[in-house]
Amino acid sequence: MADSSSSTPPPPPPASNIPVADPNSKSALKKAAKLAEKLAKAETKSARAPVVARAADAAPKAKKVKAEEVIEPPFVNTTPKGDKKDMSTPMATGYNPMAVEAAWYDWWEKEGMFKPEVQPLGAKNPKGTFVVPAPPPNVTGSLHIGHALTVSIQDTLVRWNRMKGLTVLYAPGYDHAGISTQSVVEKRLWKDEKLTKHDLGREKFLEKVMVWKDEYQEKISNQLRRLGGSYDWDRTAFTLSEPHTKAVNEAFCKFFEDGLIYRENRLVNWCVRLNTTLSNLEVDQKQLLGRTMLSVPGYDAKEKFEFGAITSFAYPIEGSDEKIIVATTRPETMLGDTGIAVHPDDPRYTHLHGKFAVHPFIPTRRIPIITDAITVDMAFGTGAVKITPAHDHNDYECGKRHNLEFINLLNDDGTFNDNAGERFKGMKRFHARTAVLKALEEEGLYIETKDNPMQIPICSKSGDIIEAVMKPQWWVNCQPLAAEATKRTKAGEMIISPKQNEAEWYRWMDSMQDWCISRQLWWGHRCPAYLLKIEGVTADPSSNESWVVGRTLEEATARADKVANGRKYTLEQDDDVLDTWFSSGLWPFAIMGWPDKTADLRDFYPATLLETGWDIIFFWVARMVFFGIQLTGQMPFAEVYCHAMIRDAHGRKMSKSLGNVIDPIDVMEGCTLQALHDQLKAGNLDDKEIIKAQQGQAKDFPKGIPQCGTDALRFALCGYSSGGRDINLEILRVEGYRKFCNKLWNATRFAMLKLDESFVPTPTSARTGNESMVERWILHKLNVCAEETNKALAERNFMAATTAVYSFWLYELCDVFIEATKPMTDESASPEVRLSAQQTLYTCLDGGLRLLHPFMPFVTEELWQRLPRRPEDTTRSISLAAFPEATEAASDPEAEAAFDLVFACTKSARSLAGTYGIQSGLQIFINTTQPSLTALLESQAPVLSALTKGCKSVEICKTVEDVPEGCASELVTADVTVHLMVRGKIDLDAEAQKLQKKVELTQSSKAKLLALTESTGYMSRVPEEVQASNIEKMRTMEAEIENLSRSMAMFLALK
């Protein structure tokens, strides 16, 4: 259907008579996306032209009237909440996403359309079950565009499976996000009230955090509903709820009882800024190429410290004037040195084996010189290595091997304790670094400082420099769990896609380390572990033996009674909370009621699909697999699909400080640049960060973000999903899909004019046998689209799925069928022809909307509700309608081939008209040497005329001699040529010259092909199908040369 607001990607498929590469290949799809983006930008630019008011009279020299923008009044939803929208009112003249999206979700939710249809008495649905435990968003803040990608992909699959008749559960929930949420609340508390959590105390502070949680949970819920996520909201879960806390306590105690959780004083990653330990996965590595001055959180912003350098200094040897030189990238740690290691085979230090060095600043500390072939590389540096077992992961292992003293230097706040000596105690760690260097110089022990390319550990949450410190913590023994996870994955119990992520999964499982689950926070699940202090016995907080665990205090007390055996004791619950990933690792089965044996656990566990970002496959997916195996004996889901990471249009990771984080609501509703700026001020950024972020916003969104609507956003995000690791999001592409929605709107609006009140659809979509060629063709295309869309979704190829349904709507239904049937549905057409065209149009609209619904739920519901229903069809909503399936009966390759030729003739006629600039009164002549094609083209002449804008007549000629002189020609196939009357409208000499060049080019191509076919061994080495293709190419070239030569001679004769 003609539409002034042209649409966007993917590009039209090539004509079927030209051999092309697979249009669904990854390379083809990516090219389609790039071309689509260019089209979207061009169309958006042209579409922004303002509507110009016209003068009332058409005076020859009328003054220019100032352009005026047509501003629509803001939409106001008048539908009562939960009621069905009134579809009896006339359709609006254009698509308005705010109006279209209003009211539908409330109605869906009130009517319970998203609840799983459980079979009576627990019977299984023969079509199967599809369960998606939605990754719980953190209550840290509002959702960003990455969450919109997650919802778009998940809900597309959820709606698709629901329409296929499966029992579907899409379970929502929220994560308390311990570190992140506590951190943002602490920042806000300080920013607003200049208070710390300690000023409030634990109980009052947690009340503040709960207020934050409630506020952002409501905001997130609204965003998820606006995104169209078809969740069963009655099953909403939260990781700090009472049921989830019960599951966490059960899991901790069970793991402890099974020997998989243990207590040990080991090195941890300590974040001074957050005052808590972190897992290795929460530590980023910052690469430095050499000496670099960096600011550190917690210090004056103007104060910088040197990193990326290695400092050499000397230790005096006890009882001697000799010194031994060592080197370090962290000079301050020398205050905790308890050993110097040399290689046992290094002759330079043989005489020092077993001797001691003297610490220059702590005279009472003697430092043994030990031999260690593991730690020391003789060829590196001086061959002597200082050992700080309590502050370095490599030194920790060396210290254990040689039973060295472990001396902790650091207080939790980052200051040095008494172990650092009188001179340095109380100093902040990096001030101590500067002071140690100065003291070494004063003692004459400083040697040199050089560049040292290195990585430094950075807290992914706060940006602070991570310190390795000794702390008694709870640990999970992950090796046996990783081995079982690997075994089960290889056995096919869990599929990971895209495939590239599977190899990484195995690599990570093979190098699995134990997991520290203790966190020094207030917001989280407090460890259900109790330090047992028996009267007369010294409790060791670092030993399992001093602790009891309990699912309840009563259980812990009963266990303590047994251990104490009549002696007096006290129990002190661990102040630490558990790592957030511990509680979220239970998500797939805890939300189903585990550890209780519930109906939900029976019916909906294990889950079918876990969809998440590839970047947290090891943070979260691995934990869920470990817990699922150990606690339920099953893998928690059958499939893991990893989506890409969304970056901005420049390929940068989205960051609040860059100003490129996008709220999906802003894309749906549109947002001015000033409003984007104002949003930054409401966050926790400081003034300098706000200025930088505003500059980024002004560069990326100089005119703000255009209103695109939910459907366009969802479709674009699915269209971007090709299996790659990154998506560079271009807002113009999303805006282009809004224009596609407008195309759908106009097509349906046109159809409603053709489907009058007396129209009644047939009981089924089966063909009647009265369909015209173009009807048979479009029904075949609908069948092909159903096949391709189902296949692509089953393969999780969202780009291919969106390409298939988009191409059907735009390039086949709107651009061809609706245009071709205008004469057939006109009042002047015979009743039989008109009714058949109406039925086919209805079938295509109904099927096309259902195919599109999983991607675009709102606009498809709005348009589908406008259509009449087939007799006996009582389906309330398109979300519950059957998803189209391809059938053998609907397949019609004969009609496809025949009409593809007809449409190829149409495109050639359009091409000729465009080449010669003829816009009206087109006289088209088509000649063919094949009688069967003559009959086909004669029967389709009205369709050819309808599809060619400005066409006056179409005549089918049986011989080329029947074509009148003065026509330009274009070859369609070797047997069919299209001619357009151009006499009196062109420069004959110039046209003859153009044709001569085309003849020469075609002759050159023919000569190359001929040389190939006549080359030695051609018949034996070239496959038969290629030889056949080359024969057809040769035949076409010869026909093209003949046609061009004839046209050239004709133009010259007309001079």
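On one side of helix α13, Glu554 and Lys562 are exposed, where exposed means over 50% relative accessible area, buried under 20% and partly exposed in between, with a 1.4 Å probe and protein chains only. The model is predicted, so local features need pLDDT of at least 70 and side-chain atom pairs count only at pLDDT 80 or more, while totals for chains, interfaces and linings use all residues. Residues are numbered from 1 along each chain as its sequence is written, and side-chain values use heavy atoms, with hydrogens and water left out.

The buried residues of α13 are Ala556, Ala560 and Ala564. Seen down the axis of α13, these buried residues fall within an arc of 65°, so they line one face of the helix; the arc is that of the directions from the helix axis to the C-beta atoms.

Helices (H or I, at least four residues) and strands (E, at least two) are DSSP runs, numbered from the N terminus. After α13 comes Asn565, with a positive phi near 55°.

Elsewhere, helix α11 (residues 479–490) packs with helix α17 (residues 617–632) at an angle of about 90°, their axes being 9 Å apart. The two helices are therefore roughly perpendicular to each other, a term for angles of 65 to 115 degrees, whereas those under 35 count as roughly parallel, over 145 as roughly antiparallel and the rest as oblique.

Terms used:
Axes are lines fitted to C-alpha atoms, for helices over the stretch in contact, and angles run from 0 to 180 degrees between N-to-C directions.
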